[in-house]
Amino acid sequence: MQAKKELSIIIVNYNKYDLTQRCIESVIDTISNIEYEIIVVDNCSTNESYKQLKLMNNNNNRINIIRNIQNKGFGYGNN
């Protein structure tokens with residue numbers, strides 16, 4: 001049984017895989033002693049960002065990737 005998450009971190013990505021990857025790695029390296037999840041919302045990237053994020057997701061069960069089918073801006077992606 002999976003432990004209850006105490007913290008959810010939402011990261012909105014649009015065509016910035018490298019920056020998003022560094023952000024995720026920073027969270028993983030920094031947070032300890034708390035159950036957390038990272039939710040990455042790909043805001044309909046037009047490059048390879050989504051595919052690269054999915055590969056990263058395969059290696060870490062704390063990361064959840066959601067892909068919007070349309071980019072309606074940061075606020076929409078974050079909500």
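These are my notebook entries on a predicted model and what I looked up in it.

**Ground rules**

I number residues from 1 along each chain as its sequence is written, and I use heavy atoms for side-chain values, leaving out hydrogens and water. Because this is a predicted model, local features need pLDDT of at least 70 and side-chain atom pairs count only at pLDDT 80 or more, while totals for chains, interfaces and linings use all residues.

**Entry 1: the overall build**

I started with the elements and found three helices and three strands. Helices (H or I, at least four residues) and strands (E, at least two) are DSSP runs, numbered from the N terminus. Along the sequence I read the pattern β-α-β-α-β-α. The radius of gyration is 13 Å, close to the 12 Å of the globule rule for 79 residues, so the protein is as compact as a globular protein of that length. That radius is taken over C-alpha atoms, and the rule is 2.2 Å times the number of residues to the power 0.38. The C-alpha trace spans about 35 × 20 × 20 Å along its principal axes.

**Entry 2: the sheet**

Next I looked up the strand order, which is β1-β2-β3 in an open sheet of three strands with parallel pairing. Two strands pair if DSSP finds at least two bridges between them. The edge strands, each pairing on one side only, are β1 (7–13) and β3 (63–67). A reminder to myself: strands of a sheet pair through backbone hydrogen bonds, either parallel or antiparallel.

I then went through the bridges. Seven of them join β1 to β2, and Ile 10 has Ile 39 in β2 as its bridge partner. From β1 the chain crosses through α1 to β2 in a right-handed β-α-β crossover. Right-handed means that, with the strands pointing away from the viewer, the path from the first strand over the helix to the second runs clockwise.

Five bridges join β2 (residues 36–42) to β3. Val 40 is partnered with Ile 65 in β3, and Asp 42 stands opposite Arg 67. The crossover from β2 through α2 to β3 is right-handed.

**Entry 3: how enclosed is β2?**

How many of the seven residues of β2 are buried? Seven of the seven are, so β2 is largely enclosed by the rest of the structure. Buried means under 20% relative accessible area, exposed over 50%, and partly exposed in between (1.4 Å probe, protein chains only). One side carries Tyr 36, Ile 38, Val 40 and Asp 42, the other Glu 37, Ile 39 and Val 41. In a regular strand the side chains alternate between the two faces of the sheet. Over the whole protein, buried residues make up 32% of the 79.

**Entry 4: Ile 63**

I picked Ile 63, which sits in strand β3 and is buried at 2% relative accessible area. Its bridge partner is Ile 38. Leaving out residues up to four places away in sequence, Ile 63 touches Ile 24, Ile 38, Val 40, Met 56 and Asn 57, where contact means heavy atoms within 4.5 Å. Ile 63 and Thr 20 are 43 residues apart in sequence and 12 Å apart in space, C-alpha to C-alpha.

**Entry 5: the cysteines**

Last, I checked for disulfides (a pair of cysteine sulfur atoms within 2.5 Å), and the search of the whole structure finds zero. Cys 23 is partly exposed at 33% relative accessible area, and Cys 44 counts as partly exposed at 22%.
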